[in-house]
Amino acid sequence: MEYWVRRALEVVKTPFLLFDLSIVEKKYLEMKSALRKADIYYAVKANSHPRIVSLLSKLGCNFDVASKGEIEKLLALGIDGKRMSFGNTIKREEDIAFAYKNGIKLFAVDSEMEIEKVAINAPGSFVFVRISTDGEDADWPLSRKFGTDPDHALRLLFYAAKMKLRPVGISFHVGSQNLNPESWKKAIEVAGKIFKKAMRSGLNLSLLNVGGGFPVQHRKPIPSIEEIGRAIEEAIDEHLWFVHNLKLIAEPGRYMVGEAGWLVTKVLLKSERAGEKWIYIDAGAFHGLAETLQNFEYELRVLGKEKDELEEYHLAGPTCDSIDVIYDKVLLPKSVTLNDLVCFINAGAYTVEYNTQFNGIEPPKIIFIDDLTELSLEEKMKLRILD
Ligand SMILES: Cc1ncc(COP(=O)(O)O)c(C=O)c1O
């Protein structure tokens, strides 16, 4: 990637997300073989660039969408609504109606009111109920805001049936960047109990959605996709063996695109105050690095200075907002200085999607390595890859 960073700099200014589509293909194929029985629904929110979505579509992937905006992006690429699942549990009514009109038949719910909204705006659709998880081993937990407890989930399934919807199963999300395969096992055990109780009361469920959460290599060790796949299979054999023709869904976001991108930024300022050293770069919490607000730990590399002695810095973004601090304490080369390139490794997910124009500062754009290899300088100028 270092080579491509230098090549990209010939044609574009920082900050940018340097992206390698071939890694997305590799990750998709690896996940397919690790989760042989699952249909993969890429969580578009992780990175919705049309070239990423088109590639995944060509490979046969389905899509988890969160809003009308995402649905429209996919429809514009010729992707049928039948290949989409509306996984957001907080949907606008008009978005539900739009989804339904465009062939989406599968909706996530975790409350009575959401069921009522779906029943009115997408009558007769298939719904699955999201159960909550503790997000314990996740670096980006999604625990409090979503999902519900098993008893309530069961009641919701019956409520959906009463509302003339078709309740088909259970979903969960173990929290994004989850480092422990046991998290999926624990959630599948809970789902198994709900399936059993539903069945005893005359409701046969057939869908298990094991969500996202599949991790990307950052600073901590991560389990392989094969280990997670095995954990999921074992848990299904143990807790859902009685379900014939179980339809298994996985909704990876981060896993599919994280490794494919480096966020390349530049040092704008080095300063010292109250005895503490600060480095300011040209992207921050409002320009692609929102996840660092909850201390999401990217591996950092200052290009050309990888072997230099390290010291502790505060690392901050370029805006006039004091919340725009990326890391309160992080080790960077002692020699780091103006115009050095600070790269955030494996940052292809949830970076460009979180962009704002706050302070009038241009957010990172996405640059594909393919473009750097295939096009002449003149062609790149025409395509406006150049600033
Ligand atoms: C419903 C749903 N599915 C899947 C995902 C993707 O999660 P991840 O990026 O951890 O794989 C998310 C992320 O927020 C989500 O909300």
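1. Some ground rules to start. Residues are numbered from 1 along each chain as its sequence is written. As the model is predicted, local features need pLDDT of at least 70 and side-chain atom pairs count only at pLDDT 80 or more, while totals for chains, interfaces and linings use all residues.

2. The protein chain is assigned domain 1 (2-16 + 259-382) and domain 2 (22-257), with bounds from an automatic or database domain assignment. Their C-alpha centres lie 32 Å apart. Across the boundary, 17 residues of domain 1 are in contact with 18 residues of domain 2 (contact: C-beta atoms, placed from the backbone, within 7 Å). The domain 1 side of this boundary has 8 nonpolar, 4 polar and 5 charged residues. Here Ala, Val, Leu, Ile, Met, Phe, Trp, Tyr, Cys and Pro count as nonpolar, Asp, Glu, Lys and Arg as charged, and the others, Gly among them, as polar.

3. Do look at the ligand: 17 residues surround it, the closest being Ala43, Ser176, Gly212, Gly253 and Arg254 (near: C-beta atom, placed from the backbone, within 6 Å). That shell divides into 6 nonpolar, 7 polar and 4 charged residues.

4. Now the helices, which are DSSP runs (H or I, at least four residues) numbered from the N terminus. Helix α2 (residues 21-34) and helix α3 (residues 50-58) have axes that come within 10 Å and cross at roughly 35°. Axes are lines fitted to C-alpha atoms over the stretch in contact, and angles run from 0 to 180 degrees between N-to-C directions. Leu21, Val24, Glu25 and Tyr28 of α2 meet Arg51, Ile52, Leu55 and Leu56 of α3, a contact with 6 nonpolar, no polar and 2 charged residues.

5. α2 also packs on helix α9 (residues 225-239), at an angle of about 30° and with the axes 9 Å apart. This makes α2 roughly parallel to α9 (angles under 35 degrees; over 145 is roughly antiparallel, 65 to 115 roughly perpendicular, and the rest oblique). Glu30, Met31 and Ala34 in α2 meet Ile225, Glu226 and Gly229 in α9; by class, that is 3 nonpolar, 1 polar and 2 charged residues.

6. Helix α7 (residues 150-162) and helix α8 (residues 182-200) pack at about 40°, with axes 10 Å apart, which makes α7 oblique to α8. Pro150, Ala153, Leu154 and Leu157 in α7 meet Val190, Lys193, Ile194, Lys197 and Ala198 in α8. This contact comprises 7 nonpolar, no polar and 2 charged residues.

Technical notes: Contact = placed C-beta atoms within 7 Å. Helix = DSSP H or I, 4+ residues; strand = E, 2+ residues; numbered from the N terminus.
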